Amino acid sequence: MKRYRRAGLLILTLAIPALILIFLKGFTTNHYVLPYFNPILDDQGRVVRRGDDTLFSSREQLMVDALDSSGLLSIPLKNRFTVVGFLPKDCDDRCTLYLEGLQRIYKLRQAVPTLSLVTLTDGAELLKVGNTYGMGSDGWSLYGLDTSDSTRAISRELNIYKNAAGTKTNYSFSRLLLLDSEGYTRGYYDFNDAEEVDRLMAEIRILDYELKHRNN
């Protein structure tokens, strides 16, 4: 009789964790899975699907027309996590706050060496200002954009712009976006909100954790 009791207790002890795991997987949401953005659209503007799955656009590189270059520059995206933002030509004191905030994000490279920051600007004079904050060093690049159709196409695809009054299109000063190691867009963040910046830094760590465990 005692033998059966022990066996029953052992089975119960093993079964409870398994039941908890099944419950968590079946009835709860994993909040550490980041969404994908920018689905692929067909010629009619409809979202492209493969079965029940939505297909999302990804890039191995960004091709931009830089102010200080005679042609297209290639910004590699594969095998790294990339934070893309825009620094407008006339941003006054906001530029200082922006750059100081980016410095904080850049320090994550100590824990996530594959992190890369790409800052875009439409003001050539800001290229020199950015260097005083560490831009141009390993993992943090500043590009002065030309107003070419190719650069605008990239900006539209990644949604790093906003529509201002009338028909004028301006890059969003406060918007940052996160690209994963396969070139997919995984998040947008309001740089004016400290909690959003904290979320960005946390989600960079999440992607890094996922990649490390995927490769193990």
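Rings of Phe, Tyr and Trp (for Trp, its six-membered ring) pair if their centres lie within 6.5 Å; planes under 30 degrees apart count as stacked, over 60 as edge-to-face and the rest as tilted. The model is predicted, so local features need pLDDT of at least 70 and side-chain atom pairs pLDDT 80 or more, while totals for chains, interfaces and linings use all residues. Residues are numbered from 1 along each chain as its sequence is written, and side-chain values use heavy atoms, without hydrogens and water.

**View 1. Aromatic cluster of Tyr-36, Phe-56 and Tyr-184.** These three residues form one cluster. Arg-186 lies over the face of Tyr-36, 3.8 Å from the ring centre (a charge sits over a ring if NZ of Lys or CZ of Arg is within 6 Å of the ring centre and within 35 degrees of the ring normal).

**View 2. Aromatic pair of Phe-37 and Tyr-188.** The whole structure holds 5 aromatic pairs. In the one formed by Phe-37 and Tyr-188, the arrangement is edge-to-face, with 5.4 Å centre to centre and 85° between the planes. Phe-37 lies in the loop between α1 (2-27) and β1 (49-50) and Tyr-188 in strand β11 (residues 185-190), so the pair ties together parts 151 residues apart in sequence. Helices (H or I, at least four residues) and strands (E, at least two) are DSSP runs, numbered from the N terminus. Phe-37 is partly exposed at 29% relative accessibility, whereas Tyr-188 is buried at 16% (buried means under 20% relative accessible area, exposed over 50%, partly exposed in between; 1.4 Å probe, protein chains only).

**View 3. Aromatic pair of Tyr-106 and Trp-140.** The ring centres are 5.4 Å apart and the planes are at 35°, so the pair is tilted. Tyr-106 belongs to helix α2 (residues 93-106) and Trp-140 to strand β7 (residues 140-144), 34 residues apart. Trp-140 is buried, with a relative accessible area of 1%.
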